[in-house]
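Me: Hey, I have a protein structure open and I'm new to this. Could you walk me through it?

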Amino acid sequence: MATYVFSFRVPSGYAPHAGTTAEWQAWFGGLGSALVDIGNAVTGHASLGEVGGGDSRMVAYSVVSAEDLDSALALARDCPVMRVGGGVEVGPVMEAAGS
């Protein structure tokens, strides 16, 4: 199994609604043992360099375990952020030498 980081991005004007927390809790619960680290919300942001345009912003990250990139993408497919016009960046974590 490999470890992958999910970076959750929303449209710039996004604002959570009353059911947002429950949607995320249900989705995280559905990840089961694949969820390595629920991560944290990102409460503010600033950017340097090219980060995918100014029409979205990162709101949180999580870490999961999956067989391969396609399996990690399948885990991300039903993420609540997808229902609000956002997206999930998925990338493998490269273990540091000596870890």
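Me: What radius of gyration does the protein chain have, and what would a compact globule have?
Reply: This is a predicted model, and its protein chain has a radius of gyration of 14 Å. A compact globule with 99 residues would be near 13 Å, so the two agree.

Me: What size of box do the C-alpha atoms fill?
Reply: Taken along the principal axes, the box is roughly 40 × 35 × 20 Å.

Me: OK, and how many helices and strands are there?
Reply: You can find 2 helices and 4 strands in the protein chain. Going along the sequence, the pattern reads β-α-β-β-α-β.

Me: How much of the chain counts as buried?
Reply: Of the 99 residues, 27% count as buried. The chain exposes about 6200 Å², and 57% of that comes from carbon and sulfur atoms.

Me: What about contacts: what share join residues at least 24 apart?
Reply: That share is 77%, counted among contacts between residues at least 6 apart in sequence.

Me: Switching to charges. How many positive and negative ones are there?
Reply: The protein chain has 4 positive and 10 negative charges. Their mean positions lie 9 Å apart.

Me: Why can charged side chains pair at all?
Reply: Side chains with opposite charge can pair when their charged atoms come close.

Me: How many salt bridges does a search of the whole structure find?
Reply: The search finds 2 salt bridges. One of them joins the side chains of E89 and R9, with 3.8 Å from N to O. E89 sits in strand 4 (residues 87-92) and R9 in strand 1 (residues 2-11), so this pair ties together parts that are 80 residues apart in sequence.

Me: Are those two buried or exposed?
Reply: R9 is buried, because its relative accessible area is 14%, and the cut-off for buried is under 20%. E89 has a relative accessible area of 46%, so E89 is partly exposed.

Me: And which residue forms a salt bridge with E23?
Reply: That partner is R83, and the closest N and O atoms of the pair are 3.9 Å apart. R83 is in the loop between helix 2 (69-76) and strand 4, while E23 is in helix 1 (residues 20-31), so the pair ties together parts that are 60 residues apart in sequence.

Me: Where do R83 and E23 stand on accessibility?
Reply: R83 counts as exposed, with 55% relative accessibility. E23 comes out at 29%, so E23 counts as partly exposed.

Me: Let's change topic to S7. Which strand is S7 found in?
Reply: S7 is found in strand 1. With a relative accessible area of 11%, S7 is buried.

Me: Which residues does S7 touch, leaving out those up to four places away in sequence?
Reply: S7 touches M58, A60, G87, V88 and E89.

Me: Last one: where is V90 found?
Reply: V90 is found in strand 4. V90 counts as partly exposed, because its relative accessibility is 22%.

Me: How far apart are the C-alpha atoms of V90 and Y4?
Reply: They are separated by 6.5 Å, although V90 and Y4 are 86 residues apart along the chain.

Me: And which residues is V90 in contact with, leaving aside its neighbours within four places?
Reply: V90 is in contact with Y4, V5, F6, L69, A72, L73 and A76.

Definitions and conventions:
Residues numbered from 1 in each chain as written. Predicted model: local features only at pLDDT ≥ 70, side-chain atom pairs only at ≥ 80, totals over all residues. Heavy atoms only, no water. Rg over C-alpha atoms; globule rule 2.2 N^0.38 Å. Buried < 20%, exposed > 50% of the residue type's maximum accessible area, 1.4 Å probe, protein only. Contact = heavy atoms within 4.5 Å. Areas by Shrake-Rupley, 256 points an atom, 1.4 Å probe, with all protein chains shown as cover. Lys, Arg positive; Asp, Glu negative; His and termini not counted. Charge placed at Lys NZ, Arg CZ, Asp CG, Glu CD. Salt bridge = Lys/Arg side-chain N within 4 Å of Asp/Glu carboxyl O.
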